[in-house]
Amino acid sequence: MAEIRNTFVKSKMNKDLDDRLLSKGEYRNAENVQISRSEGEDVGALENILGNKFITNWSLNTVGNLEIIGYTIEEKNDRAFFMATNYTDVSSNELDNPAPYGAACYILMFDNRAVSPGDRYKVLVEGRFLNLSKTHPIYGIDLIEELLFWTDNRNQPRKINITKAIASSTHYTTEDQISVAKYYPYQAPYLYDYITLENVSHVGTFTQSATDVTDLRIGMELKLPYVNNLPIFVREIDYTANEFVTSQVLSPALSGATVDCYFPTSKNVTEPFLTPSLAADFVSTTVVAPFTITFTNPISALGISANMKVSCPGNINETVLTISNPTPTTVVVDKDITTGVNTVAALDKIEFSDPNPNYTSSWPGDPTFLSDKFVRFAYRFRFEDGEYSVISPFTQPAFIPKQDGYIRSEIGNGANATNYISQEEQIRASTIVSFFENKVQSVEVKIPTPYAVNELASKLKISDLEILYKESDGLAIQVLETISVTDSSITGNSSTVYSFDYQSRRPFKTLPERETLRVFDKVPIRAMTQSTSGNRLIYGNFIDKHTPPENLDYSVQISPKIRLITSNTSFCTVAYPTHNVKQNRTYQIGIVLADRYGRQSDVVLSSITDYQYEVGGENYDSSTIFNPYKSADDNTIPQNWFGDSLKVLFRSEIPSSVSYADGYPGLYKSGTYTAVVTPAVTSSDNIVVSSLDPNIAVGDIIDLGGGTVVSIKAIDTVTNTITVSSNVTIAIDTTITINGPENKLGWYSYKVVVKQLKQEYYNAYLPNILSGSPNSISNNYDESYTTLFSDNINKIPTDLAEVQPEQTQFRTSDTLLYPRVAGTGTTSYNIQYNLGEHYITADTIGKLADISPSGFAVGPPYAATGIYNPASNPPIARLSTYNKQIGAEYTATYSTLAIAEVDPLESRLQIYYETSTSGLISELNIAIDAGSSANPVAPDPPYPTVPS
Amino acid sequence: MSTVIEIDFFNTFLLKKIRSANFDEVSAFPGVAYPGVLDVTGIASTDYSEKNYYIEESRIRGGYNNVSTDQGARAYLDEENPLQQNRISSLIYSGVYNSRTGVNQTNVFSVGDAITKTIDPVFGSIQKTYAEETNLIVFQENRIHRALIDKDTIYTTESGTQTQAGAAVVGQFVPYKGEYGISKNPESFAIYNYRKYFADKNRNSIVRLSNDGLTEISMYGMRDYFRDELAALSSGNTSQTFTATYVSGGATTTTLVTILTSSITSGQNITPGMKIDGQDGYITYVAVNGLNTEIYYSQLFTSTLSGTITFSYNTKSKVKGGWDIHNKNYVVSLQESPNQVTTEASSFSTLGFDEEINGWVSFFTYKPNEMFSLINKFYSVGKQASSTVNSTELYEHYAEPAANNRGVFYGTREPSNVTFVFNPQPDVMKNFNTISYEGSNGWEVVSYVSGFTGQDPNPDGTPTYVQSNDDILSIKSYDEGSYVDANTGYTLRAGFDRKENRYVANLRNNSTAMAGEILFGAQMSGIKGYFATVKIETDDTTQLGGPKELWAAASNFVTSSY
């Protein structure tokens, strides 16, 4: 008999060939065999395959349906890392149901080199915040040294440091700590602070008492309703009696009140005394100690206080001469002010200066460093693995002009008038404002933090806080200081504000230019793939950004800064006391939304409306608004107008969903909320809490500990009552944690951005504007003349583009001038010009003798009444005034300072600039919800109907 | 409802001149030690406002070209297309990481930088990227490209290419020849050295990407198999359901329902995320309470629950791939459903490809959740069939020190078997009479069948045609087939017997009668056919889990006499 004999040496299955053709050595099918490989020297023989042996279940054998959905290996250390979950998202898009409270999500490790089971098989991270789902297996997991990155196309890309996770399985407990995109510090630092006075009570007309006034300083503003349309300040303090004097009589009088007292943290610290605030005519003084000076009554009610300085420019040459025993008409000083180096005579104006409450004799900084700078401050976080957050919004410039921006009036009307040149005269002569420099030397930068400062390391895994600085004319952002979280200023700070005391030190490091452009990081929302190459993370097949709202319902207004007492204020009257929104400019206000990790929308503008909107008696325009010069009708008088600010009226909440497009992320939900139980609950399913987060919803889980878990089945927001699935017993004041769905990538914060296209501008400080000609006012509605010299030659430039060789008179380069200040008629003083959009032009520029206006006398010397320094034959400009009378007439007693604003160029770049205003959308929505309705303003004359 | 917020945006500063009541024409600085604010004493009893003025200044000293304040530190734009996009065929990359210098810019995806690169989307979405040295291999659904990282290719005048360092982080995309992609099965990807393996379900293929380009390794004897099996895998979600018996709760005013734990369908567990049929929402929390299980739901029940409650969840098919470092095999497991649903053999097929023989060696009876190799060893994650909680466990394969664990996967022993064909003189009808094998004790013949003879109407009356062939009674192994003759007391072998180190047995026909057949079944010796397909398997008795070797199998036959 024949024999057929088959071996299996080809070691391969063949399911294609017909049975008749299948060659020897091949086989149709095999299970659990190996042939080409062998555990011994039996290659070629078919043998049953070795099985597998149990290694570990990470002691998670009680977690039902747990499944590994991703892994990576680290051959260098013989380790493997796994992502595991028992959760399956059953929503239609498999994304909408975030892992609920009961979901089990883990990052596990198998370390084959470790000996002890506790080290070999570790749970590195666990918690529902991982939001893993079996619907999204993880194929992008990579290790870069000790950093484990992964993406699951369900959550944003994540990362952990395996060394830290191995050291503690509770190192990572929140999304903030594991996201590749790091927490975005959405709030700008602020430049004000306050103290709180307890038990403030009326004592005398201006005098109040308080429990403790140790921290009170003169100049602090009380957060109280304005009196006489003006804020209330602390004028004097008696630290012994715990009493202080206010700048106004409080109405109503206080009794046992708690009062917050605000102050700017941008300070001058090297001047012992402030700019003189009072002056009086000197009468006489005693020539032996005590040196009692007598003067005319400077003020009716309040006057000189102790510790002020008395001075008389040019006559009192002592460095510091402080006074004591003040009365309304006398003070005692420590020197005779009429002998020796001091020469005060009767009718001389003596001035009184308050002591600088911020003076620090041993201040270590550079007192002049900031004097010619407009600087802004910001900060950023450095995280424990070395990443830097996006830079926070910047503050507004920490700039307060010397003399607080006041041009001091003439003081020289007394006996020694010639010893003093008024500041207006100085400005006329120099064409610059010499004191318009920054008086700020020290800035306490207040940095708001999302958690207590000493919890930043544990909650956000922050390792350093970096204080940043930017000058207005510099592209670079510079680093002032890097503060480690181990610094005592952080470890000992349990508040949510970090104060950085900037002492005018030069920055020590400049950030790369790209950091300026790094407005935010477009870390993918989700990504399907991930790889590491070239020391970079590379994501593929990704969702690039959130869809923003199509528009938002808001309106805009420019009006005087909101007073301190008003709620929802930016405190800009304190922090930015002399700052203003430039007039004669058009502003477009936009809103930028950001998620918690800094991904930002583009600029969202307001919805288009047919009408202005009114709330609280104020009308608001749409997102674009023109800020005109104040007109006489505005009733804005400079002494109690402290600048304007932009206001945004939000008429409806930032939406939680939109219908116009996909990809809208909704609003941020942490998923974990706390509430304080009050009163106690005894065997009841109704829990009353002190307050309810609006995100708490039916179905949320409350884990009361001890195995007691209930879910919410009803919520009463009126009574703050939660009805739960079973009866429970809870002690009063117990803080319960409520666990609901998370939405970590929802819109979290907003910021306001502003577009203003006109570029930097000039004020031309002119020695005079002569209305009409040097000898005539017949043409004063047609023309004026002014002298151009020093800076003004450049500020009002001559157009030399197309000129002839012998040409002596020139046109300007289409420069528009807006007269702001000038003399008028024959008066001896200058006045404010508020001409709205009316401008004047300089048609002709040339030497006085060349232009030779009517009334010009050839001399010698040259003469022209009303022309500044005509003898020098200065360049003058003939101004076309277009039917306006601008300047003083030639018969005026004095020539006075004139100031004209030069219209700047307009940029074509449609750029919105970041402001310092930002906030949480949740808080904004609560405020909108609680606010009164904004109503469309009926047109005048009204149309038949106005929409509701 | 509305609210007003004040904007901290200032682009100029006020410069004022104030004359007050008491100090007209004299020093009239505001009368309080505070920046820029008058106190009550400054209010004019006479109207001096005409003499007061303000201007807006923004330059240091107001001087020409002096430093001016700016509008802001950073700029924003109103984008032309602000809507979210799914960049299915694009890459985006971070800043660099360098632990030595302490630079970690892995979170830097600056909006100010051009950091994206897009491949032609016509080839589908990117499903997998793999960085190899300084190249990035990009697997789209229908095409595979190689992208150069931190360098670029320039084309020379000699029609060649030259690679050079370039500014581009992700350089030019160079396609691999061949219209293969990874479909939507990135889980099939495995790598060993320069070889990458993956499944292309859309083209019924298992593909290798190596230095010689793309090769369809499923065509090595398994084209038909993979064509059928890959196509059979469902592409979308499959809804899985199971039931339990209602106990209490479940009203439309509550979010809690209690079921009887023991009534849950065997092998299933209720876990968060699952749905209750007929209800919106999903399960958020599950707690066992005595004999019952409490189920918390994400919202109020929309209808009252009672009786039998049906739970559901979704699963997807998978083509899991992994590299077996021990046997140097690419192991691929085709799974219609995950272990959570079932571990039954019909729910998956796992098999290995050996590069050395360029063929598929064997199927395996384990259903891995994941597979990977790590320092000499091959691991997989799976689930014990007997597990009642469907937990996940890590296993090490080829763990030789473990005694007698051959064929034992996830705690369950499965036999090893091989099915092969005796096809001598395939055009000659033969009678196969015996079978023998060289190898270890413990193999048995499960089946020995001839080729199909032909089609005939079903004799049982079912209106179909059936195919007929010869088969045999199974042949037990040497040990299993042994018995003691009750009459003689001798040990006899009903299955294989050992002769001269060969295990031999005769074939006992077990065929059913075909139409017109007179002699059939045990009335015949051996089976007849042009060829015979034989399945030999390890038995359930002989040294369970011990090594079993099979060198060769043979069969005697004679030419049929018709």
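Trainee: In which loop of chain A does Gly666(A) lie?

Mentor: Before answering, I note that this is a predicted model, in which local features need pLDDT of at least 70 and side-chain atom pairs count only at pLDDT 80 or more, while totals for chains, interfaces and linings use all residues. Residues are numbered from 1 along each chain as its sequence is written, chains are lettered from A and ligands numbered from 1 in the order in which they are written, and side-chain values use heavy atoms, with hydrogens and water left out. Helices (H or I, at least four residues) and strands (E, at least two) are DSSP runs numbered from the N terminus. On that numbering, Gly666(A) lies in the loop between strand E42 (644-650) and strand E43 (672-676).

Trainee: Is Gly666(A) buried or exposed?

Mentor: The terms rest on relative accessible area: buried is under 20%, exposed is over 50%, and partly exposed is in between (1.4 Å probe, protein chains only). Contact means heavy atoms within 4.5 Å, and, leaving aside neighbours within four places in sequence, Gly666(A) is in contact with Ser656(A), Asn743(A), Gly746(A) and Trp747(A). Because its relative accessibility is 7%, Gly666(A) counts as buried.

Trainee: Which residue of chain B is in contact with Ser392(A)?

Mentor: Ser392(A) sits in the loop between strand E28 (375-383) and helix H4 (423-430) of chain A. Its relative accessibility is 0%, so Ser392(A) counts as buried. Beyond four places in sequence, its contacts include Pro185(A), Tyr379(A) and Glu914(A), and from chain B there is Arg74(B).

Trainee: Which residues have the most contacts inside the largest nonpolar core?

Mentor: A nonpolar core is a set of buried Ala, Val, Leu, Ile, Met, Phe, Trp, Tyr and Cys residues joined through side-chain atoms within 4.5 Å. The largest such core has 80 residues. Leu646(A) touches residues of both chains, among them Val556(A), Ile589(A), Ile5(B) and Phe9(B). Those with the most contacts inside the core are Ile589(A) and Leu646(A).

Trainee: Which peptide bond has an omega of about 5°?

Mentor: A cis peptide bond with omega of about 0° joins Ser251(A) and Pro252(A), and Pro252(A) is in the loop between strand E19 (243-246) and strand E20 (257-264) of chain A. Pro679(A) is in the loop between E43 and strand E44 (681-688) of chain A. The bond with omega of about 5° is also cis and joins Thr678(A) and Pro679(A).

Trainee: Is Glu500(B), with its positive phi, buried or exposed?

Mentor: Glu500(B) is not a glycine, yet its phi is about 50°. This residue lies in the loop between strand E39 (497-499) and strand E40 (502-506) of chain B. Because its relative accessibility is 79%, Glu500(B) counts as exposed.

Trainee: How far apart are the closest N and O atoms in the salt bridge of Arg61(B) with Glu437(A)?

Mentor: A salt bridge is a side-chain nitrogen of Lys or Arg within 4 Å of a carboxyl oxygen of Asp or Glu. Arg61(B) is partly exposed, with a relative accessible area of 25%, whereas Glu437(A) is buried, at 14%. The closest N and O atoms of the pair are separated by 2.2 Å.

Trainee: How many salt bridges are counted between chain B and chain A?

Mentor: The whole structure holds 62 salt bridges over all chains. One of those between chain B and chain A pairs Glu79(B) with Lys545(A), at 3.3 Å from N to O. The count between chain B and chain A is 13.

Trainee: What is the area buried between chain B and chain A?

Mentor: Buried area is the accessible area (1.4 Å probe) that two parts lose on being put together, summed over both. The contact takes 228 residues from chain B and 283 residues from chain A. Carbon and sulfur atoms give 55% of the buried area, which is about 23000 Å².
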